[in-house]
Amino acid sequence: FVPVEVEPQVITKTKPVYPELARKVGIEGIVYLDILVDKEGKVRKVQVLKPSGTNVGFEEAALQAVKQWTFSPAIQNGKPVACWLTQPIKFQVK
């Protein structure tokens with residue numbers, strides 16, 4: 001854990017692809033991801049913190065989408081720094 005004065009903010013967000021099996025049967029879920037955002041605002045690492053527990057592909061879809069996101073970097077002492085953040089990704093049938 002690195003304390004920061006300003007948290008990273010999402011600039012561009014790629015929506016995860018809803019897994020076809022989950023859509024067909026109407027399954028919803030939430031995946032919690034830990035994301036390492038570097039000092040340029042790029043995603044360097046993503047890992048599943050808490051899976052959805054559904055086993056229909058939400059984790060893979062969430063990981064693929066978040067790897068394409070861009071952020072404003074975290075700020076500490078007036079300088080951009082790398083930091084981890086936790087992000088929930090919700091899958092809801094609409």
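The largest pocket of this predicted model has a volume of about 340 Å³. A pocket here is an open set of points on a 1 Å grid over the protein atoms alone, where a 1.4 Å probe fits, with protein on both sides within 12 Å along at least five of seven lines; its volume is the space filled by probe spheres set on the points. Its lining, meaning residues with an atom within 4 Å of a point, consists of 14 residues. Lys15, Pro16, Lys90, Phe91 and Lys94 lie nearest the centre of the pocket. Strand E7 (residues 83–91) supplies the largest share of the lining, five residues.

The protein contains two helices and seven strands, taken as DSSP runs (H or I, at least four residues, for helices; E, at least two, for strands). From the N terminus on, their order is β-α-β-β-α-β-β-β-β.

The C-alpha trace spans about 50 × 25 × 20 Å along its principal axes. Of the 94 residues, 33% are buried, that is, under 20% relative accessible area with a 1.4 Å probe, protein chains only. Among contacts (heavy atoms within 4.5 Å) with a separation of 6 or more, 73% join residues 24 or more positions apart.

Residues are numbered from 1 along each chain as its sequence is written. Local features need pLDDT of at least 70 and side-chain atom pairs count only at pLDDT 80 or more, whereas totals for chains, interfaces and linings use all residues, and side-chain values use heavy atoms, without hydrogens and water.

Methods
Buried < 20%, exposed > 50% of the residue type's maximum accessible area, 1.4 Å probe, protein only.
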